[in-house]
Amino acid sequence: MILSPFQYIEAVARFGSIRVAADHLHVAPSAISRHIKNIEEEFGVQMFERHARGVKLTLPGHIFVDHIKQILLDRERVRSEINDIKGIRRGHIRIHTIDGVAAGPLAMAISTFRERFPYPTLFRSRERFPGITFRLFSAGTATVIDAVKNDEADIGVAFQAARDPEIAIVHRIPDPLHAIVSSKHALASAKQITLQEFLAFPLALPESNFGVRMLVDEACRRKALHLQPVIETNSIDSLRGFARSGAGITALPYNSIKRELPMGLVKSVPFKETSLSRATMIIGVRLGRTLPAAVIEFTNHLYRTLIE
């Protein structure tokens with residue numbers, strides 16, 4: 001695809017550096033500088049302020065970049081609609097997701113979706129069967145929501161996300177929070193656990209920008225309970241590993257752990273508290289954005305995968 005001056009400027013705004021943007025787009029920094037200069041001369045304003053560590057947008061620059069982001073999104077949508085008319089299934093889908101879903105249900109959804117719209121091989125024409133490609137980024141709920149709002153992601157998958165006027169919730173899936181313990185742990189045979197019982201053991205929990213942690217923190221505040229994890233991490237795999245080791249326990253949404261339960265290494269124990277047992281996962285997009293056909297199809301496919 002031929003890059004436009006708008007893409008150059010959007011990249012500089014995103015990275016805060018002409019050199020980094022040039023490396024990302026595989027073009028010469030001088031080419032980007034030339035396009036910025038042309039735009040600034042056309043509008044008669046300075047779009048970027050230069051400083052020692054890079055560049056930052058001026059007020060006119062912010063206005064300009066907000067508009068070109070929408071233009072670039074509209075361009076991708078138009079391309080998708082034209083490809084649909086031509087009978088071509090092509091697109092690039094950017095997903096920001098909570099870590100617990102990335103390696104399990106989401107990976108499975110991508111795999112089965114690509115079976116329907118495969119990437120070209122030596123035995124397929126690249127023009128006729130260009131396929132669907134993905135960019136997947138895992139983070140905490142707050143970061144996921146921000147990425148969708150800023151058009152850095154087409155789809156956001158988040159746990160227990162707070163209501164946001166800029167986010168349209170396409171699907172909401174029940175995803176109760178469970179205590180995760182070793183199969184040999186004293187709680188392994190328990191039918192339910194209270195929050196107070198949970199706090200009596202050494203805990204590993206996600207960092208504060210994760211939906212799980214926000215939910216647990218709020219539940220502790222309401223009950224005036226003191227929470228002091230022995231491990232705080234941004235890695236869901238580390239939480240699972242801590243529970244498997246028997247050194248302590250953790251809390252995770254059921255959907256992020258259910259495919260591991262048949263292996264018998266860990267057990268999940270539901271919480272008695274309604275605020276924890278009625279937690280949900282959402283699939284969201286930016287409100288008001290017209291989505292490409294490939295994104296709409298994948299969003300619905302992901303939902304079907306998550307509720308299986």
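**Burial and salt bridges in a predicted model**

Modeller: His-96 is found in strand β3 (residues 90–98), strands being DSSP runs of E of at least two residues and helices runs of H or I of at least four, numbered from the N terminus. This is a predicted model, in which local features need pLDDT of at least 70, side-chain atom pairs count only at pLDDT 80 or more, and totals for chains, interfaces and linings use all residues. Residues are numbered from 1 along each chain as its sequence is written, and side-chain values use heavy atoms, with hydrogens and water left out.

Colleague: Is His-96 buried or exposed?

Modeller: Buried means under 20% relative accessible area, exposed over 50%, and partly exposed in between (1.4 Å probe, protein chains only). The relative accessible area of His-96 is 5%, so this residue is buried.

Colleague: Which helix holds Arg-213, the partner of Glu-232?

Modeller: A salt bridge joins the side chains of Glu-232 and Arg-213 (2.7 Å, N to O). The pair links distant parts of the chain, 19 residues apart: Glu-232 lies in strand β9 (residues 231–233) and Arg-213 in helix α8 (residues 211–223).

Terms used: A salt bridge is a side-chain nitrogen of Lys or Arg within 4 Å of a carboxyl oxygen of Asp or Glu.
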